[in-house]
Structures are given as C-alpha cells and as structure tokens.
Amino acid sequence: MLEIRNLHVSIGDRPILAGIDLDVKAGEVHAIMGPNGSGKSTLAQVLAGREGYAVTAGSVRYLDRDLVGQDLLALAPEQRARAGIFLAFQYPLEIPGVANVQLLRSALNSVRLQRGESELDAMDFLDTVKSKLALLDMDESFLYRAVNEGFSGGEKKRNEILQMAVLEPRLAILDETDSGLDIDALKTVAHGVNALKHPERAVILVTHYQRLLNYIVPDHVHVLAGGRIVRSGDAGLALELEDRGYGWLIPESGSLEEMRP
Amino acid sequence: MNPTLYRRALEHTIGSPQQMASRKVALERFFTHGLPTPRDEDWKYTALDFLEQMDLHAPHAAEDWASEDYPGIVMRFGNGRLTDADLRSIHAHGLADHADSPLVVRYLGRLADTLPGGAALADINSALWQDGLLLHVPVGWKASPVFVTHYASESDAMLHLRHLVVLEAGTEAVLVEHDQGTPDLPYWHNSVTEIVLGEGARLTHIKLDEDSAAATHTSLTLVGQSRDSRYHALSLLVGGRVARHDTRVNLNGSGAECQLDGLFIADARRHIDQHLHVEHAAPHTTSRQTWRGIATGRGRGIFDSRVVVQPGAQKADAQQSSRNLLLSPHAEIDVKPQLEIHADDVRCSHGATVGQLDEAQVFYLRSRGIAADTARALLLHGFAGEALGLLKNAALSDWLEPHLAAALPLLNKELTT
Amino acid sequence: MSQPEVSHPDARNAELRSRVADEYRWGFVTDIEQEVVPKGLSEAVIRLISAKKNEPDFMLEWRLQAYRHWLTLTEPTWSSVHHPAIDYQAIHYYAAPKSGSQPKDLSEVDPELLRTYEKLGIPLQEREALAGVAVDAVFDSVSVATTFKDKLESLGIIFCSFSEAVQKHPELVREYLGSVVPYTDNYFATLNSAVFTDGSFVYVPKGVRCPMELSTYFRINARNSGQFERTLIIADEGATVSYLEGCTAPMRDENQLHAAVVELVALKDARIKYSTVQNWYPGDAEGRGGIYNFVTKRGDCRGDRAHISWTQVETGSAITWKYPSCILRGDDSVGEFYSVALTNHRQQADTGTKMIHIGRNTRSTIVSKGISAGFGSNAYRGLVKVLPSAANARNHTQCDSLLMSDHCAAHTFPYIEVKNPSATVEHEATTSKIGDDQLFYLRSRGLSEEDAVNLIVNGFCKEVFKELPMEFAVEAQKLLAVSLEGAIG
C-alpha cells in the first residue's frame with residue numbers, strides 16, 4: 001500500500017530524515033517509535049503533504065486502486081486525503097468560527113466525490129456521524145462547537161479519531177495520538193482505531209511510548225533514530241524498548257549533524 | 001465650502017418656528033468649521049472633499065419600496081422619509097411627526113449638539129434631518145424588535161436621517177438599522193442616532209450597512225448610559241464606496257456596560273472608516289470591543305478606537321480587540337487602538353492584529369480532503385461568522401447570516417448551508 | 001555684533017540644595033567660567049556659532065537653510081504634553097566652558113570639569129575609566145573630552161566630537177549629515193539643524209566590530225541655555241557598534257530646552273545598538289523647572305540585513321517627547337525599540353517609535369513599558385507602517401502601562417498601517433496597577449514596601465533592561481528606584 005524508498009527530508013538546510021525505507025501492506029499496523037527529535041513527526045507530516053519540508057532524495061509511492069504507483073509526494077494535501085490518507089495531528093489546530101460539523105461534512109463529501117459516491121444529504125450525514133460519535137463516546141454537542149476550540153487535550157485527540165472514523169481512510173497515520181491522554185481516553189481512542197481495522201486498511205502509529213501498543217497491537221515496530229530506521233521487529237521490540245529505553249539502539253556517533261557529508 | 005448648497009437644503013426642511021431656529025443654529029455651527037479634512041487627526045484616513053463636487057441636494061420624493069421580510073416591527077424609510085410605519089408598532093414612531101413632543105424636545109440633540117470639539121457631520125444632520133425613528137419605551141415595557149430599513153434611490157441626494165431612542169429604566173429593546181440603495185447609485189447618507197438608556201435598560205443594536213457601491217455613508221451613533229444599563233451593538237459594515245461610522249458611548253452610571261462588536265468587509269474599492277469612542281465616566285463600568293475586518297481588492301479598512309477612563313472611574317474594565325485580514329496587494333488596513341487612562345485601579349487591554357489566514361489551518365483542512373480555495377473560504381466565513389456568534393440571539397443571527405454570506409468574497413455558497 | 005558675555009553662576013542656596021539632593025543627586029552646578037552667546041536667535045547668532053567652530057561654508061549654508069525654513073514653521077501641538085509657550089528668544093544658543101582652545105588631552109581640560117564628571121560617576125581618566133567604555137563628554141554646548149581615541153583609531157574607528165569631525169572628516173559629515181533626519185523634518189529638528197553646537201560622531205569602517213562600548217555623557221550646566229547636540233553614527237558594511245548615551249542637568253527653577261537630533265546609518269549587514277539612560281533634571285515635585293527633552297532620533301537600515309536597535313530608559317526631564325525610529329529599507333533588515341519611560345510628580349512623557357517597513361522580510365519589535373506615578377502622564381505613541389514593497393514584513397508590539405497613583409495618566413496611541421497582504425502585525429497593550437495583593441505577598445515574605453515596589457517595577461521592565469549593556473542595566477534599576485521614592489503610600 002505504501003512504499004517509501006530512501007527518503008531524505010530537510011527543513012531549511014538541516015537534514016531531518018536521512019534515508020527511510022518502509023513498506024506498509026494493507027491490513028497491517030506499523031508502529032514507528034523513537035526518541036524525541038528522531039524525525040517521527042516529520043515523516044508523518046511529509047506523508048500528509050505539509051509544506052516547509054524539502055524532500056531532497058527518495059520517493060514515496062502509494063498503491064491505491066486509483067493511484068497505482070503514483071508518486072505521493074507530487075499530490076496536494078487534499079488529493080492525498082481524498083485518496084484515503086489520513087493524518088491524526090499531534091497538535092490538532094483550533095479553528096474558531098468553523099463548526100466541527102461543517103468541517104466533517106465538507107471533508108466527507110469531497111472524499112465521497114473522489115470515490116465516485118454521491119454527496120450525503122444533511123440527514124444521512126447526521127446518521128453517519130452519530131454512529132461514529134457513539135463509537136468514541138462523544139456527545140452530539142461536539143458537532144456544533146468550533147473545530148477544537150476550547151477542547152481539552154483529550155477531546156482534541158478524540159476529535160481527530162472521530163474525523164478518521166467519518167472519513168474511513170485506507171491509510172491512517174496517527175502522530176503521537178497517545179500523548180497527553182489519560183488511561184480512559186487512551187482506551188477510547190484505541191477502541192476507535194481498532195474498530196476501523198480492516199484487511200483493506202493500514203495504520204501507522206507514531207509514538208514515543210509503548211503504552212498505546214498495549215491496546216493497538218502492531219504487526220511491525222520500527223525504531224527511528226537520527227533520521228533513519230535503526231531497527232525493525234515485531235511487537236516484542238516495543239516491549240524491549242519499554243525495558244531498555246532507546247539508548248542501546250542509538251550509535252555513539254549517531255547524531256545527524258555528524259552524518260552530514 | 002459651499003454654504004448655498006446647505007442653505008438650499010435647509011429650505012426643504014419643515015418644522016415649528018422653534019425647530020427651524022435650532023436648525024439654523026446648527027447650520028451656523030457647521031459653517032464655522034466646515035466638512036472635516038484629513039488634517040483633523042480624527043479624519044486622518046478619510047477625505048470627504050469629493051462630496052461638495054457632487055450635485056448634492058435635498059431629496060425630492062420619498063419613494064415607497066418593497067422591502068424584504070423582517071422578524072419584527074418594520075419602519076420603512078425611502079430617501080430620508082418614513083414611507084411605511086408598521087401598524088403593530090406601539091413604541092416606534094416617525095420622528096418628524098413627533099418633533100414637537102416634549103420627549104423629543106427634551107432629548108433630541110442632547111448628545112449630538114454637545115460633542116466636545118463639535119462634530120461637523122452631527123451639525124449638518126441637526127440642521128437638515130428629514131425624518132427618522134423615534135423609539136420610546138416607557139417604564140414597565142419590553143419592546144418588540146424594531147427594524148428601521150432605509151432605501152436610497154435618488155442620485156446625488158443628501159439623506160440626513162435622525163433617530164432617537166429613549167429606553168426608560170428597566171426596559172429592553174432590540175433595534176436594527178438596515179441601509180440599502182439602488183446599486184451603483186451615488187448619494188450621501190448621513191445619519192445620527194441618539195440613544196438614551198435609563199437605569200438598568202438594555203438595548204441590542206444591529207447596524208447592517210449595505211449601501212450602494214457608489215454611495216457615501218457617514219453615520220454617528222451616540223449613546224448615553226445610566227447606571228447598570230447595557231448596550232450591545234453589532235455592526236456589519238459591507239456597503240458604500242466611502243463609509244465612515246462613528247460610535248460614541250458615555251458610560252455615565254456605575255455598573256453600566258457596553259459591548260461593541262463589528263465586522264467590516266472592504267472589498268472592491270470600498271473605503272470603510274470606523275471610529276469607536278468609549279468614555280468610562282463612572283466607576284465600575286465595563287466596555288468590550290471585538291472588531292474584525294477583511295480588506296481585499298482595492299479596499300481599505302480603518303479601525304480607530306479610543307477608550308478613555310476618566311479620573312475617578314475606578315474599577316473600569318475595558319477590553320479592545322481588533323483582528324484584521326489583509327487579502328490583496330492593493331488593499332490596506334489601518335488600525336489605531338487607543339487607551340487614555342486617568343485612574344489607576346483599572347483593567348484595560350487591547351490587542352490588534354493584521355495578517356492573513358493561518359496557513360496551518362488551511363493545511364489542516366486540506367489534509368481532510370477539502371480543496372485549498374474551499375478551505376480558505378471556510379476559514380474566512382468562520383472568521384467573519386464569529387461576529388454573529390457574539391450576538392447570542394438566534395433569530396437575529398439567522399436573519400444576518402445570508403447578508404454576511406452575500407458580502408463575503410471568495411465564499412463558496414454550499415459551505416454555509 | 002555684541003561681545004559674548006561671561007556669566008558667573010550664582011551661589012545657590014546650600015540648604016535648598018542639600019534638602020532636595022536625595023531626590024535628584026545629579027542636580028549640582030559646576031562653578032566654571034562660561035562663554036555664552038547672548039540670548040536669542042538670529043542669522044547673526046548662527047553665523048557666530050559657525051564662526052566659533054571654524055566651520056566650512058557648507059555647514060554654515062546648511063544651518064542658514066535650516067534657520068530660514070524654521071522661520072516658516074509653527075510649533076507642533078499634536079502631542080499629549082502641555083507646557084507654557086517656549087520663548088525662543090530667551091535662550092542662549094551657545095554656552096561653553098571658557099578656555100582658549102579645544103583641549104588636546106586631559107591635562108588641558110579644566111580640573112573643575114573633570115571633577116564634575118567624576119561626581120557624575122563618569123571618570124574621564126582612562127586608567128580609571130570603565131573598562132571597555134570609551135566616553136565623549138559634552139558639557140553644555142561642547143565636547144570636553146573623548147577617551148580611548150587612540151585605541152579606536154588603530155581600528156579605523158572614528159569617535160570624536162561633532163566639531164572635530166567637521167574639521168577632520170568633512171567629507172563624511174557632508175555625505176551623511178541630514179541624510180536620515182533632513183533639516184526640514186520637524187520643528188525641533190529644524191531648530192537643531194540651525195543651532196546645534198556639538199555632539200558625537202562615530203564612523204565604524206567596513207567589517208569592523210567596535211571592541212568597546214562608545215558612550216557620550218551630556219551635561220547641561222549653564223542657566224537659560226538650550227542644549228542642541230547632534231549625533232551621527234555610521235556603521236559601514238558589516239560593521240558593529242554599541243553606543244550609550246547618558247544625560248543629567250542641574251536643578252534649576254526654569255525649564256530648559258534640549259532639542260537634540262540623532263542620526264544612525266546602518267549599511268549592508270551592519271548593526272547599531274543605541275542605548276540611552278536619560279536622567280535630565282525632571283523638575284521638582286510641584287512641576288517647577290526641569291528639562292524639555294524634545295528629541296528626534298532616527299535610524300536608517302540602508303542596506304540588506306542591517307540591524308538597528310534602540311533601547312531607552314527615560315526617567316528624567318519635565319517633558320520627554322521623542323520617537324526613536326527605524327527606516328527598514330534594506331531587505332531582511334531589523335528594527336527594535338525597547339523603552340522604559342517613568343513619569344512621577346508632574347512629569348510628562350510622550351514617547352514611542354516608528355517602524356517603517358520598506359524592504360522585503362523586514363522585522364521589527366517594539367516593547368514599551370510606561371510607569372506613571374504621582375501626577376505623571378505617560379503616553380506611548382507609535383507607528384508601524386508596512387509599505388506595499390515590504391513583502392513578509394513582521395512586527396510585534398507590546399505596550400504595557402503600570403499605574404501607581406490615582407492622579408496619574410497612561411495613554412496608548414498606536415498607529416498601524418499595513419499595505420502588504422503578506423505582512424503580519426501584532427499589537428498588544430495592557431494597563432495594570434501594582435496589586436495590593438502582590439505587595440502584601442512580598443511584604444509577608446519580609447520585604448519593605450519600597451523594596452516590594454522596586455521588585456515589581458523591575459520585573460515589569462525586565463524585557464527592556466535585558467537589552468541594556470550590563471553596567472547600564474544596573475544603573476537603570478537604581479535610577480528607577482530613586483525616581484520612584486515615595487511614589488506609593
């Protein structure tokens with residue numbers, strides 16, 4: 001579904017990713033772990049099409065029905081979203097004046113149009129959204145509040161998963177969705193993600209801690225350090241990291257600065 | 001200056017000998033300073049010299065016209081005169097018909113004729129006003145919402161509307177001023193609204209300016225507030241070629257509170273200059289200003305706000321906020337948020353920004369599948385729509401919403417449904 | 001033409017002096033023979049000043065043009081300050097310590113003058129001088145000494161009195177004088193252009209980083225005299241310089257006019273940091289006397305990536321009226337303004353800045369802290385202007401007022417004019433008083449009320465103090481404490 005080859009990314013002249021290779025297949029859950037500053041979030045943002053990052057080498061191919069083998073990096077953010085890629089933001093933005101329901105409906109209808117489906121009318125749309133609200137244990141009043149404005153940290157994260165549940169992406173990338181959540185909220189979020197698991201879908205979990213992986217069990221775990229994947233393994237690797245930390249995986253001279261040519 | 005122009009217009013006014021005498025005094029007062037010029041600090045950004053190049057004259061006919069439906073009592077004005085008064089109205093009347101009533105004699109001009117330093121446009125209005133609204137709510141009443149709707153249809157007409165609102169102690173009212181005109185017709189609409197709020201009275205005042213894109217609209221709203229009264233204004237300023245809107249609130253009684261909210265959209269070649277002036281003249285008074293602006297095309301928006309805390313007005317609490325979006329290379333935004341504090345135990349702040357839509361927000365929406373243009377339109381609508389949210393009155397915001405949507409540039413209609 | 005008179009400062013009432021000395025400890029008068037040009041302003045006086053300074057013709061011409069222009073102007077009235085009309089014919093436009101000629105070194109400087117500066121804490125003997133600070137001392141109308149000149153000369157840096165620059169570097173003066181503040185600029189700048197008597201001149205050549213702080217110490221001593229100095233600082237491409245200015249005056253019952261002009265020119269990649277600790281005599285508690293400080297200060301970021309930073313701590317003067325400004329012409333140039341203005345008793349201040357964004361990616365920061373006590377009146381007035389050419393311009397303004405009495409006043413008059421849609425301008429202002437609960441909290445921790453007030457005031461001003469060179473930051477804090485004595489209670 002996703003094929004990343006030798007991906008190099010910089011911000012300004014500072015390299016952040018220094019050659020990432022990753023294959024994600026339909027039905028799989030991948031966890032990308034790593035210490036702060038390892039480039040995890042950069043990878044997530046680049047996949048979603050955030051401006052301000054320069055891809056200096058490598059390619060990302062997204063193997064969807066409609067976009068077979070197309071270079072993902074050439075697509076605008078909204079084209080990626082319509083092709084089924086969803087990024088749950090680490091820091092969801094507040095958008096005063098724009099109601100949640102407005103965002104959800106505009107987004108869902110543009111995704112449906114892309115898929116060749118008809119737009120939902122207001123009633124059908126509400127029915128769809130309500131079932132997803134229930135899944136995440138959210139009150140209907142959430143729909144009429146401005147997007148994330150005045151939401152608590154936990155509410156924002158749940159709102160991201162709500163958007164994901166409504167848009168039903170094929171590839172979901174969750175950027176530190178577990179950070180700042182208490183245990184109950186974490187379970188709710190995990191429940192929402194698990195409910196979306198499907199043989200046709202893939203999930204990439206970007207996380208610093210193993211905690212979330214107790215609730216969403218990954219098929220593959222990758223450790224990112226110094227802008228590279230330094231180790232890959234199965235769910236056991238995450239447990240090992242929990243015990244031993246990241247230190248043993250990071251080469252002594254592993255700082256990115258020293259890797260510069 | 002061309003005094004004949006104004007003298008001729010004075011001949012078209014009517015009234016009792018007493019009234020005519022006071023009109024003449026006002027006109028002479030106007031002649032002592034003439035129209036304001038950019039040399040006056042308060043008119044730094046707006047020139048009116050073009051007005052006297054027009055073929056200005058008093059309007060000939062008060063034409064009746066078919067207005068939209070309004071959710072309340074409707075007072076319909078055409079070319080400066082009352083053309084249709086709502087039969088259901090108990091508290092709203094035509095001002096010209098009641099010009100000699102003791103109430104009008106007592107209150108008319110009380111605020112407008114005593115402005116410190118004088119005010120040329122108020123003086124012209126006091127001399128030449130044709131008609132307007134008299135809204136008087138006696139003790140014990142709660143008035144139905146009153147919609148004063150004005151339509152200008154005569155080229156180069158000088159339309160001086162004068163409104164007087166007197167809410168006695170403990171009463172409540174909603175006043176909506178809606179101004180329109182024949183598209184692309186040049187005329188000068190100069191209105192003065194005097195508002196007297198008795199102890200504990202509450203007024204919600206909406207101003208929707210949709211004057212023609214060739215019109216000049218100058219307006220002055222003067223509010224005198226007694227103890228514990230509350231004045232909440234929402235201005236939606238989207239009309240005129242040159243528009244200048246002044247609001248001056250005197251918080252005279254302890255516990256008085258005003259909230260001045262607004263939104264302007266200076267698109268095309270529109271020039272919108274807004275001045276707010278709040279005087280905290282008593283202790284424990286509160287003022288809030290939340291103003292938003294959008295300038296695009298060759299539009300220019302000016303927001304000038306002055307909050308004065310007078311000596312002794314301790315515990316005054318004043319907050320001003322002015323947020324502006326500048327969307328095109330030929331547009332301009334000028335902001336002057338001023339505080340003048342003469343007491344120490346006060347809480348005053350202001351914030352002003354001029355910038356663009358937040359690209360991080362645009363990205364967030366795009367990452368949900370929304371096209372970039374639609375995302376921008378959605379954000380713009382969100383930015384502007386928040387002004388209506390401050391109203392906390394569903395019936396009024398529902399009425400305003402389509403007017404707002406019609407005025408917003410770039411707006412994708414389907415988003416608002 | 002009348003002969004210059006020689007004035008003998010009258011013996012001041014010693015008791016009076018000691019009684020108020022605590023409040024303004026810089027208020028003594030130096031007993032020194034002075035050469036003073038008769039009161040009044042005329043072409044003849046200007047010619048006399050120019051002749052005394054042995055100026056080349058272009059200077060005299062420039063002065064006379066300014067004077068003729070000045071005659072066509074009227075005194076501006078738009079500020080929030082109030083004062084009785086100034087009688088421009090009652091001012092001595094030139095006062096100088098009487099000595100034969102310009103002293104060549106310190107041994108020729110009148111010992112009384114050296115003692116004056118020592119009393120002010122500005123030793124002019126290099127061995128005692130503040131390490132790393134070169135000082136130009138201006139006494140009334142003329143510069144009396146400049147320290148560390150040789151060391152600076154070895155780097156090609158010119159640091160001297162303005163008069164000396166006119167003699168030795170006329171080409172530089174001619175090129176830059178009036179190029180930032182033209183003689184037509186405003187009433188007081190025009191007056192200054194006609195009659196200025198001395199000031200400091202700095203030129204830092206290409207690529208040179210000035211190794212020490214340059215400092216001018218201005219002292220008004222003579223009675224009924226105005227001080228009209230002119231400072232011109234040029235940082236050539238890639239040069240860096242930090243300049244400090246301090247000022248005091250004796251306590252006198254009459255008001256004295258100080259109308260200075262400062263011009264800064266920063267070429268490509270140059271940096272100028274200009275710091276002021278202004279402590280002119282503020283007048284007494286009833287508002288008698290004190291300096292009218294009407295000053296025009298402007299910097300021009302003429303090249304790309306130029307950087308001009310103004311920092312001012314204004315505690316003195318009866319009236320302060322000035323707006324140190326930056327013209328951000330070069331792409332990526334940066335302007336900064338950090339200000340603390342304190343008004344106590346009957347002092348008035350109307351101060352702020354102008355940031356004119358012309359080049360692309362220009363940035364400006366404004367931090368203004370106003371403190372009003374007693375019957376003091378403090379106004380921030382500022383302009384942020386973004387012209388159509390200034391793509392991606394950024395400004396942030398923070399304007400805070402602290403109120404310390406119920407008779408004082410604090411005003412904020414910002415002007416924001418934006419003509420480029422990629423610009424971002426943010427302005428914030430707050431007004432607050434020292435909270436009783438804050439004071440109580442600190443006192444319950446053992447601080448005296450005065451210490452508590454000082455602590456809070458210093459906290460309030462921290463963002464500005466941290467921009468000052470260290471010794472001056474300490475000085476500024478002390479100055480605030482002294483100026484605020486008795487302000488609460």
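1. B:Arg300 and B:Glu332 form a salt bridge through their side chains, N to O 3.2 Å. B:Arg300 sits in strand 16 (residues 300–309) of chain B and B:Glu332 in strand 18 (residues 332–341), so the pair ties together parts that are 32 residues apart in sequence. B:Arg300 is partly exposed, at 22% relative accessibility. B:Glu332 is buried, at 8%. The bridge belongs to a network: salt bridges with shared partners join B:Arg300, B:Glu332, B:Asp334 and C:Lys419. Please read all of this as a predicted model.

2. A second bridge in chain B links B:Asp317 and B:Arg288, with N to O at 3.2 Å. B:Asp317 belongs to strand 17 (residues 317–326) and B:Arg288 to strand 15 (residues 286–295), so this pair ties together parts 29 residues apart in sequence. B:Arg288 has 25% and is partly exposed.

3. Chain A has a bridge between loops. A:Glu200 pairs with A:Arg170, and their closest N and O atoms are 3.7 Å apart. A:Glu200 is in the loop between helix 6 (183–196) and strand 10 (202–207) of chain A, while A:Arg170 is in the loop between helix 5 and strand 9 (171–175); the two are 30 residues apart. A:Glu200 is partly exposed at 40% relative accessibility. A:Arg170 is buried at 16%. Over all chains, the whole structure holds 56 salt bridges.

4. Now the A–B interface. Chain A contributes 35 residues in contact with 21 residues of chain B. The two chains bury about 2,200 Å² between them, and 60% of that is on carbon and sulfur atoms. On the chain A side, A:Glu78, A:Leu93 and A:Ile95 lose the most area to chain B; together they account for 22% of what that side buries.

5. What polar links cross from chain A to chain B? There are three salt bridges across the interface. One of them is a contact between the side chains of A:Glu78 and B:Arg366, at 2.4 Å, N to O. A:Glu78 is also among the residues of chain A that lose the most area to chain B. The count of residue pairs in polar contact between the chains is eleven, with both residues at pLDDT 80 or more.

6. Which elements of chain A supply at least two residues to the side that touches chain B? They are helix 1 (40–48), helix 2 (77–82), strand 6 (85–88), strand 7 (95–99), helix 3 (100–114) and helix 5 (153–167). Helix 3 gives the most, with seven residues. By class, this side of chain A has 19 nonpolar, eight polar and eight charged residues.

7. A:Lys40 deserves a look. This lysine is in helix 1 of chain A. Its relative accessibility is 4%, so A:Lys40 counts as buried. Where does the side chain go? The side chain of A:Lys40 reaches the backbone oxygen of A:Gly34 at 2.7 Å. Beyond its neighbours within four places in sequence, A:Lys40 has contacts including A:Glu176, A:Val206, A:His208 and A:Leu224.

8. On to chain C, which has eleven helices and 25 strands. Of its 489 residues, 63% are buried. Among contacts between residues at least 6 apart in sequence, 83% join residues at least 24 apart. The accessible surface comes to about 18,200 Å², with 49% belonging to carbon and sulfur atoms.

9. Strand 22 (residues 377–386) of chain C contains C:Arg381. C:Arg381 is buried, at 12% relative accessibility. Its side chain makes a polar contact with the side chain of C:Asp350 at 2.9 Å. Leaving out residues up to four places away in sequence, C:Arg381 also touches C:Trp78, C:Tyr323, C:Phe413 and C:Tyr415, among others.

10. C:Val384 lies in strand 22 as well. C:Val384 is buried, with a relative accessible area of 3%. Its contacts away in sequence include C:Met355, C:Ile366, C:Tyr415, C:Ile416 and C:Val425. C:Asp451 is another matter: C:Val384 and C:Asp451 are 67 residues apart in sequence and 37 Å apart in space, C-alpha to C-alpha.

Notes
Residues are numbered from 1 along each chain as its sequence is written. Chains are lettered from A and ligands numbered from 1 in the order in which they are written. This is a predicted model: local features need pLDDT of at least 70, side-chain atom pairs count only at pLDDT 80 or more; totals for chains, interfaces and linings use all residues. Side-chain values use heavy atoms; hydrogens and water are left out. Contact means heavy atoms within 4.5 Å. Buried area is the accessible area (1.4 Å probe) that two parts lose on being put together, summed over both. A salt bridge is a side-chain nitrogen of Lys or Arg within 4 Å of a carboxyl oxygen of Asp or Glu. A polar contact is a pair of N or O atoms within 3.5 Å; within protein, one must be able to donate a hydrogen and the other to accept it, and residues adjacent in sequence count only if both atoms are side-chain atoms. Helices (H or I, at least four residues) and strands (E, at least two) are DSSP runs, numbered from the N terminus. Ala, Val, Leu, Ile, Met, Phe, Trp, Tyr, Cys and Pro count as nonpolar, Asp, Glu, Lys and Arg as charged, and the others, Gly among them, as polar. Buried means under 20% relative accessible area, exposed over 50%, partly exposed in between (1.4 Å probe, protein chains only). Accessible areas come from the Shrake-Rupley method with a 1.4 Å probe; for residues, only the protein chains shown count as cover.
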